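Thank you all for coming. I would like to take a few minutes to walk through one model, beginning with a single side chain and then moving on to charged pairs and a pocket.

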Amino acid sequence: MAISFDQYQQIIKESGPAFIKELKKLLGTQGLLLERQGKINATSYPKVRTGRLRSSITGAYNGRISNPEIVLRAGGYAGGAEVDYAGYVEYGTSRMSPRLYLNRSIEANHPKFMKALASLLARSFKR
């Protein structure tokens with residue numbers, strides 16, 4: 001079933017708060033799943049030394065419905081000290097290969113997320 005963008009907007013508008021509520025729930029759940037997998041990845045490779053990198057990983061839904069997004073980040077303050085090396089561990093340096101602990105989390109969860117999003121959209125298109 002092919003529809004235009006205007007038809008899509010109308011369907012979403014008619015779905016109203018129920019669609020928005022389900023979308024927020026899906027994005028919030030996905031953010032937590034990404035965080036969980038990122039922490040698992042940061043435990044196995046790179047090897048844990050202090051646990052601050054792992055505890056600095058957060059995944060959450062950004063609450064603006066006009067531009068919904070899931071934010072997955074590492075770094076900042078964790079355990080009373082700044083984790084300023086998170087980017088170096090993720091992307092590597094000239095002396096260290098990238099560990100991609102966050103990227104691997106996204107890759108592992110992407111297919112499941114796309115199926116859940118497709119299911120949500122399919123339910124909203126049924127009248």
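When I say that two residues are in contact, I mean that they have heavy atoms within 4.5 Å of each other. Please also keep in mind throughout that what you see here is a predicted model.

If we leave aside its neighbours within four places in sequence, glutamine 30 is in contact with Ile70, Asn109 and Phe113. Its relative accessible area comes to 7%, and because the cut-off for buried is under 20%, glutamine 30 counts as buried.

Let me turn now to the charged side chains. Side chains of opposite charge can pair when their charged atoms come close. How many salt bridges does the structure hold? There are two, and I will take them one after the other.

One of them joins the side chains of glutamate 22 and arginine 123, with a nitrogen-to-oxygen distance of 3.9 Å. Glutamate 22 sits in helix 1, which covers residues 5-44, while arginine 123 belongs to helix 4, residues 101-125, and so this pair ties together parts that are 101 residues apart in sequence. As for accessibility, glutamate 22 is partly exposed at a relative accessible area of 34%, and arginine 123 is likewise partly exposed, with a value of 47%.

The other salt bridge is formed by lysine 39 with glutamate 35, where the closest N and O atoms are 3.3 Å apart. Both of these residues lie in helix 1, and they are four residues apart, which is about one turn of the helix. Are the two partners buried or exposed, or something in between? Lysine 39, at 25% relative accessibility, counts as partly exposed, whereas glutamate 35, with a relative accessible area of 19%, is buried, given that buried means under 20%.

Finally, a word about the largest pocket, whose volume is about 320 Å³. It is lined by 14 residues, and those lying nearest its centre are Pro46, Lys47, Val48, Arg49 and Tyr85. Helix 2, residues 52-56, contributes the largest share of that lining, namely three residues. Sorted by class, the lining of the largest pocket consists of seven nonpolar, two polar and five charged residues.

That is where I will stop, and I am glad to go back to any of these places in the model.

Terms used: Residues are numbered from 1 along each chain as its sequence is written. This is a predicted model: local features need pLDDT of at least 70, side-chain atom pairs count only at pLDDT 80 or more; totals for chains, interfaces and linings use all residues. Side-chain values use heavy atoms; hydrogens and water are left out. A salt bridge is a side-chain nitrogen of Lys or Arg within 4 Å of a carboxyl oxygen of Asp or Glu. Helices (H or I, at least four residues) and strands (E, at least two) are DSSP runs, numbered from the N terminus. Buried means under 20% relative accessible area, exposed over 50%, partly exposed in between (1.4 Å probe, protein chains only). On a 1 Å grid over the protein atoms alone, a cavity is a set of points where a 1.4 Å probe fits but cannot get out, and a pocket is an open set with protein on both sides within 12 Å along at least five of seven lines; lining residues have an atom within 4 Å of a point. Grid points are joined across faces, edges and corners, and a volume is the space filled by probe spheres set on the points. Ala, Val, Leu, Ile, Met, Phe, Trp, Tyr, Cys and Pro count as nonpolar, Asp, Glu, Lys and Arg as charged, and the others, Gly among them, as polar.
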